[in-house]
Amino acid sequence: MGENHAPGAEDAFALSQLMFPTTAMCISVAARHGLADVLADRALPVDELASLTGTDPTQLGKVLRLLAEDGVFREVRADVFENSPLSHLLRSGYPRSQHFMARLVGSGWLWDAWGRLAEGLATGRPGFEIAYDTSLWRYLSRHPEEGQVFNGAMNDFSEALSDLVAAAYPEFGESEIIADLGGGTGTYLGAVLTLYPGIRRGILVDLEPVIEQARARADLRPLLDQQRLQLTSGDFFENVPADVDTYVVKQVMHSWDDLHVARLLRRCRIVSPRARFVAAEFVRDAKSARFVKNFDLVMSVTMNGNIRSEAQYAALFRSAGYELTRVVPTDTAFSLLEARPLA
Ligand SMILES: C[S@@+](CC[C@H](N)C(=O)[O-])C[C@H]1O[C@@H](n2cnc3c(N)ncnc32)[C@H](O)[C@@H]1O
């Protein structure tokens with residue numbers, strides 16, 4: 001080892017700082033125990049917050065002090081905390097709330113999956129499947145409470161970004177019938193239908209428990225009553241709506257390996273031979289943000305998915321009879337990949 005490369009004590013300290021899995025779990029328990037909801041717009045001493053939330057004051061103080069380091073909550077004076085702009089987002093029902101996303105990152109099943117990362121690296125299998133011997137989607141269907149947190153998290157994420165993604169592709173307005181495959185509880189499709197009133201009908205396709213949750217959403221009622229939104233439960237590998245102008249997916253291609261994505265694309269190509277396909281996905285390149293790298297790893301740990309490069313997307317579309325015609329940037333980390341059927 002050259003002298004210039006001899007690690008100093010500060011290097012060892014810097015590395016050890018990275019080793020604690022604290023931030024994600026502390027954010028998650030803050031959401032689960034409703035700390036930000038109870039604080040709302042006032043400052044409270046730790047003891048009082050602990051008694052209002054049924055938590056242990058000593059442990060609560062540690063959680064809050066750690067999070068305040070990163071600007072989640074603010075310590076206004078010793079042992080007195082208030083919400084910060086970031087911690088307000090842990091409140092449920094708050095604009096751009098990330099309440100369910102925060103709860104999701106602390107889910108026991110997700111930590112079990114992370115715990116199998118070493119085996120995943122050795123075998124290429126998702127840690128989740130090693131730990132539970134089933135797919136995440138089957139697991140979530142059989143554990144409705146976990147499923148609701150997952151769907152709520154997808155919704156938090158979509159709600160914060162859907163308008164911006166939808167606005168980046170005015171061509172949506174040229175469609176009469178759009179189908180959103182694996183559309184979750186309908187936030188993205190709802191945003192597309194609202195922004196482009198000329199679209200006659202949007203068909204939301206997802207698994208039955210997710211569609212049930214979409215059906216219960218009061219904010220989607222007007223679109224359902226106007227019959228502009230149709231809810232369809234089922235397995236998109238078995239069945240997709242026919243005679244559609246535009247298929248959309250968001251965060252679905254990155255959830256599956258190439259074989260599954262190609263199978264889905266071919267099914268669309270058969271039943272709507274002229275329809276275009278518009279996928280909202282992250283695209284991996286040399287400048288990918290840390291957020292995207294994190295996401296890529298989460299995909300491997302949970303479901304054998306991958307964030308692909310533009311060339312990989314193009315090859316995947318081509319293998320299923322589509323040409324990747326445009327990659328449209330949005331004001332978010334998502335790009336819109338437009339693909340049209342090959343002649
Ligand atoms: C990562 S989530 C994305 C949800 C939504 N598109 C969004 O961006 O918020 C993937 C969705 O695919 C759905 N899904 C998974 N397997 C499916 C299948 N075989 N058929 C239909 N939907 C499926 C899941 O239930 C989930 O809602």
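Me: Where I start is the helix H4: against which elements do the buried residues of H4 pack?

Reply: In this predicted model, the buried residues of H4 pack against helix H3 (35-39), strand E1 (44-45), helix H5 (57-69) and strand E3 (80-82).

Me: Which residues of H4 are buried, and how do they lie around the axis?

Reply: The general idea is that an α-helix has 3.6 residues a turn, so residues three or four places apart point the same way. In H4, which spans residues 46-53, the buried residues are Val46, Leu49 and Ala50. They cover an arc of only 100° around the axis, and therefore they sit on the same side of H4.

Me: How should I read a positive phi, and which residues have one?

Reply: As background, most residues other than glycine have a negative phi. Just after H4, glycine 54 takes a positive phi of about 65°. Alanine 40 has a positive phi of about 45° although it is not a glycine, and its place is the loop between H3 and E1. Aspartate 79, also a residue other than glycine, has a positive phi near 65° and is found in the loop between E2 and E3.

Me: What is the strand order in the open sheet of three strands?

Reply: In general, strands of a sheet pair through backbone hydrogen bonds, either parallel or antiparallel. Here the open sheet has the order E1-E3-E2, with antiparallel pairing. E1 and strand E2 (74-77) stand at the edges, each with a single partner strand, so one side of each is left without a neighbour in the sheet. E2 and E3 pair over three bridges in the antiparallel sense, and arginine 74 has glutamate 82 in E3 as its bridge partner.

Me: In which sense do E4, E5 and E6 pair, and over how many bridges?

Reply: Strand E4 (residues 177-181) and strand E5 (residues 201-206) run parallel and are joined by five bridges, with alanine 179 standing opposite isoleucine 203 in E5. E5 also pairs in the parallel sense with strand E6 (residues 229-233), over five bridges, and here valine 205 has threonine 232 in E6 as its bridge partner.

Me: What do E4, helix H13 and E5 make?

Reply: Taken in that order, E4, helix H13 (residues 187-195) and E5 make a β-α-β unit that is right-handed.

Me: How far apart in sequence and in space are glutamate 238 and arginine 267?

Reply: Glutamate 238 and arginine 267 are 29 residues apart in sequence and 8.2 Å apart in space, C-alpha to C-alpha. Glutamate 238 lies in the loop between E6 and strand E7 (246-250) and counts as exposed, because it has 7 C-beta neighbours inside 10 Å.

Me: Finally, how is the protein divided into domains, and how many residues of each take part in the contact?

Reply: The domain assignment gives domain 1 (23-105) and domain 2 (119-341), whose C-alpha centres lie 32 Å apart. The contact takes eight residues from domain 1 and eight residues from domain 2. On the side of domain 1 that touches domain 2, the residues by class are three nonpolar, three polar and two charged.

Key. Residues numbered from 1 in each chain as written. Predicted model: local features only at pLDDT ≥ 70, side-chain atom pairs only at ≥ 80, totals over all residues. Domains from an automatic or database assignment. Contact = placed C-beta atoms within 7 Å. Nonpolar A, V, L, I, M, F, W, Y, C, P; charged D, E, K, R; others polar. Buried ≥ 20, exposed ≤ 12 C-beta atoms within 10 Å, placed from the backbone. Helix = DSSP H or I, 4+ residues; strand = E, 2+ residues; numbered from the N terminus. Arc of directions from axis to C-beta. Pairing = 2+ DSSP bridges. Right-handed = clockwise from strand over helix to strand, strands pointing away.
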